[in-house]
Amino acid sequence: MHFLELPLVFFTVLAQCAVGGYLVITARLACIQDHNQQRLLASKTIFFVLAFMAIGFASSTMHLGSPLRAFNSLNRVGNSGLSNEILTGSIFFALAGIYWLTEVLCISKPNIRSLLRYLAAIAGVIFMVAMIKVYLIETVPLWNNIFTPIDFIFTVITAGMLFGFLLLNAFNGSSVKANKVVTAVGLLLIAAHLVIMIARILSFATINTSIHHATANLHQYTPMIMTQCILMIIAAILWVRAAHRPITHNRFVALIAFIALFAAEIFGRGVFYGMHFTVGLV
């Protein structure tokens with residue numbers, strides 16, 4: 001993988017973790033009836049979601065060479081997948097940020113804050129759809145298939161779910177029972193993700209052009225794929241360990257689990273970009 005792809009690797013993974021974490025936190029906040037408790041939890045957890053999005057956007061501008069070029073990428077909204085991705089991502093970031101401010105400053109009624117929270121969640125889902133469409137390019141056979149949306153969605157619902165799990169436990173916003181339920185779902189998703197990874201690797205044998213063979217490119221990325229699998233298994237084990245410990249004692253384990261899964265997604269996304277080739281001569 002060329003160094004120039006690293007900003008996109010971090011942008012996509014950070015953004016997907018942010019959206020996934022936000023959806024988990026939104027679901028949890030909907031179960032809390034006490035508005036003061038809800039406000040305190042939201043003001044603390046959403047801050048880190050916004051931080052992830054901010055770092056992700058900053059990383060994406062590095063790919064453009066200059067942050068000022070980010071404005072030019074909005075010139076073809078509606079016709080360009082990249083423009084749509086940046087616009088929808090900005091809308092999600094803005095709505096989540098406004099919602100966070102209303103919770104921190106308590107400047108509106110609870111029902112208005114709830115509306116903003118759900119609007120931001122919807123914007124986050126639309127943002128993910130727009131991001132997936134960017135990579136469904138007919139001239140890039142390794143991207144233009146069902147495995148690309150599946151891979152991106154799994155990052156949202158596995159790494160994102162663990163991110164939300166970490167934040168909720170860090171600020172006493174969860175319970176042992178809820179932790180076990182979320183962890184059980186997370187483990188099933190990680191197991192499914194591993195199966196999908198194997199299916200995708202097997203599909204490489206059928207993807208060839210006149211000058212490129214996917215299996216030939218795969219050999220140099222085998223260590224990265226193996227590292228991703230090992231890190232996912234480690235994250236799953238640590239996630240289970242965190243779920244079965246008291247909330248006040250599971251935060252460090254949950255943090256290490258998230259770091260392992262986040263690193264696994266970085267390796268996986270590195271393979272995604274590194275395996276890129278077109279149907280032409282480039």
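The model is predicted, and local features need pLDDT of at least 70, side-chain atom pairs count only at pLDDT 80 or more, and totals for chains, interfaces and linings use all residues. Residues are numbered from 1 along each chain as its sequence is written, and side-chain values use heavy atoms, without hydrogens and water.

Val125 belongs to helix 4 (residues 110-135); helices are DSSP runs of H or I with at least four residues, numbered from the N terminus. With a relative accessible area of 43%, Val125 is partly exposed, a class between buried (under 20%) and exposed (over 50%), for a 1.4 Å probe and protein chains only. Beyond its neighbours within four places in sequence, Val125 is in contact with Val19 and Leu23, where contact means heavy atoms within 4.5 Å. Its C-alpha atom is separated by 8.8 Å from that of Phe92, 33 residues apart along the chain.

Further along helix 4, Met128, Met131, Ile132 and Tyr135 meet Thr148, Pro149, Phe152, Ile153 and Val156 of helix 5. The residues of this contact divide into eight nonpolar, one polar and no charged (Ala, Val, Leu, Ile, Met, Phe, Trp, Tyr, Cys and Pro count as nonpolar, Asp, Glu, Lys and Arg as charged, the others, Gly among them, as polar).

Helix 5 (residues 147-170) packs against helix 4 at an angle of about 145°, with axes 9 Å apart; axes are lines fitted to C-alpha atoms over the stretch in contact, and angles run from 0 to 180 degrees between N-to-C directions.

Key. Helices (H or I, at least four residues) and strands (E, at least two) are DSSP runs, numbered from the N terminus.
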